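Here are a few worked exercises on side-chain packing. Have your viewer ready and try each task before you read its solution.

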Amino acid sequence: MKRRHWLVMGLTAAGALGVGVGLRPPSARSRLGPPRTEGPRVALNAWVELDADGLVSVRVPRAEMGQGVHTAFAQLVAEELEADWASLRVLDAPIAPLYANSALLLNMLPLQPDDQGPVALWVRGAAQRMGQVLGLQITGGSSSVRDAWEPLRLAGAAARQALLQAAAQQWGVDVSSLRTAQGRVWAGERSLGYGELAASAATQTLPAEITLKNRRDWRLIGRSPPRLDLPAKVKGQAVYGIDVRLPGLLHAAIRQAPVAGGSVVALDVAALKARRGVVDAFVLGESAAVVVADNWWRAEAALKAHPPRFHAGPGAGRQSAEMSETLRRALDQHEGTGFREDGDALAVLAQADRVLRADYALPFLAHAAMEPLNCTAQVREGRVEVWCPTQVASLARWKAAEAAGVAQEAVTVHTTYLGGGFGRRLETEVIEQAVAIALRLNGAPVRLLWSREQDFTHDVYRPMALARFEACLGPDGLPLAWVNKVAGPSVSFGSVQRLAPGLAMDLPDKNHIEGAFELPYAIPNLRVRQIRRELGVAVGSWRSVGHSLNAFFTECFLDELAQAAGQDPLRYREQLLAHRPRHLAVLKLAAAQAGWGQTPAAGRARGLALHESFGSICAQVVEASLEPDGRPRVHRVVCALDCGTVLHPDTVRAQIEGSVVFALTAALYGEITLVDGAVQQQNFPQQPLLSLAETPQIDVHLMPSEAAPGGVGEPGVPPLTPALANAMFGLTGRRIRSLPIR
């Protein structure tokens, strides 16, 4: 058993025992919840509710941020329930342990993706159990469908069974003589609608075993019914956080210390309060100034007219270049924590005639979601209500309660549509600020909206990171030994430190090294290590987290090895993946669809990359040329994805297309730099988004599979940048070892 297994097993077991649970994974049956009747609506379990007219409501505890989770959850239920798609709607689920995202914690475990050994299974089960007991209601880690895959189908099947039993009881026939279709129970030519049977169904005792449909009988899974969130969005009726309007609503603007750790030293409260529409002006905590007005523009204009003065604090000396040098010294001087040790890579390198070496570097990156951070809060009569576009409803409730000094049960969280999440809305600071402001307003609701400049300069960024590689090749040109060290700040440590400072521990961070230690390639001597260095800049999860770093590092270096061996990059990877049929099939599909091996149009070159993340395997081929000024122009991106069973093909394709645009934006334009501790990039002019004219043709090919679903929201991000960098080598003969590509 490997040392890592012992560490993970120990921590997981300790955590599980600490919250009073065993190490068995939770059963889908345990997440059904009891039936109940509230007014005219009957809940047959925690997920499925019926109105008398047959309307089917599905409770969804995940945030809809464009990824299609509302439709996906409804699809899982409707498949087994045999519901009429036109009769479906979704409702937000309340905050409760039944709705916890148990699968999310699996992403944090430093296990090989294909490790199905007893220890790995044990640890995964315990992590799932912990997630349920802790009640983590979080949307992230491409985990929503993975978590819901069995529980929601079982919820639909259980509801259908209850309806069948109710109909059989009413007609005095055997259940086996009945069938269901289009939201009705049928006995020959006669039928009853689900709504007519709802009350009786809620009283039924279900059998111990509830059988799910055979795959060949699916009529919704694998197809693309109309998405449930689109009509409201097309009609402009969808309510995002920024759209929330309440009677008597006030509006707050904020200025936060430009340097982390800074403080407000002067605020002209009298001048601010004298301005038209201003209701209040004050210092929030020590590091922010807030103005509340009758509309946001007046609050923001007041702060522009009378800006606070700040003391820079201890972070004033931080420079990006110095931080990068700190990481480089760490690579020079430290061995770091081991995450993988196959064979004896150091010994093989020591005896090699030729060692290939390369360093790579990535900058901090902002999330830059279209909808700036915002939260509406109201505190009155000992209760708190917040309306916010959040990925962490349960943590939002916790932090809102803490800010208001009330019990969590006194807090109601209304999750709105999200105008982009990408990991940024896993944080809760804007919610805490909004509640703190609302406490001063005698029960009036207030909406706090960060300006774009505040959003850019006070983000929790994707970490700066440096990677160092050493490798030698065997007689066949394939890597015989591979040593990889990655240095940078820890996302996990930073997140826990913000959420619960007392629990932040100096531990290895799988999130930072993921994608590097699970390399699928057959390399006999493989050593991967992590060096954690905190740099005084807030870091957090950014779409695909560590995979976005390490896919760039590893797939670019692998291309360098192929070049050193004088081999085609595709053929090189194929040899290393001979024992990985799923990876090999994805790679071959992408290459074939891109015309790999055929000469591209004049002035163009292709690059490819493969990466596994969040339970899915994605390969991409980028075809690019150079603009007259030397910048890259991407013409076409061909993607192949094995994400297990495809639930809604149109949504999966849309997710991959969005991932390509997101990743290409970062590759070409993404960079956050600090001078004297302050972020230089203030808005989109300093960090543009990919324009429509720059967006390439994107071809997505989905692999047929009967495996359980993998994630789809993030796996399309990691391969894009290395595939583009490898194409750039074909165009220029120069290796791209840092980003953005200029």
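**Exercise 1.** Work out whether Glu560 is buried or exposed, and find its partners.

*Solution.* Start with the accessibility: Glu560 has a relative accessible area of 11%. Buried means under 20%, exposed over 50% and partly exposed in between, with a 1.4 Å probe and protein chains only, so Glu560 is buried. Now list the neighbours. Leaving out residues up to four places away in sequence, Glu560 touches Ala358, Tyr360, Arg735 and Arg737, contact being heavy atoms within 4.5 Å. With Tyr360 there's also a side-chain polar contact of 2.5 Å. That term stands for a pair of N or O atoms within 3.5 Å; within protein, one must be able to donate a hydrogen and the other to accept it, and residues adjacent in sequence count only if both atoms are side-chain atoms.

A quick note on the source: this is a predicted model, so local features need pLDDT of at least 70 and side-chain atom pairs pLDDT 80 or more, while totals for chains, interfaces and linings use all residues. Residues are numbered from 1 along each chain as its sequence is written, and side-chain values use heavy atoms, without hydrogens and water.

**Exercise 2.** Classify the ring pair Phe339 and Phe517.

*Solution.* Rings of Phe, Tyr and Trp (its six-membered ring) pair if their centres lie within 6.5 Å; planes under 30 degrees apart are stacked, over 60 edge-to-face, the rest tilted. Here the centres are 5.6 Å apart and the planes at 45 degrees, so the pair is tilted. Then check the sequence: Phe339 belongs to strand 14 (residues 337-342) and Phe517 to the loop between helix 15 (510-513) and strand 22 (525-532), 178 residues apart. Finally, accessibility: Phe339 is buried at 5%, and Phe517 is buried at 0%.

**Exercise 3.** Find which residues of helix 17 are buried, and what covers them.

*Solution.* Helix 17 spans residues 569-576, and six of its eight residues are buried. They are Pro569, Leu570, Tyr572, Arg573, Glu574 and Leu576. Their cover includes strand 20 (465-473), helix 16 (546-565) and helix 20 (720-732). Last, look at the helix start: a side-chain oxygen of Asp568 comes within 2.9 Å of the backbone nitrogen of Leu570.

Technical notes: Helix = DSSP H or I, 4+ residues; strand = E, 2+ residues; numbered from the N terminus.
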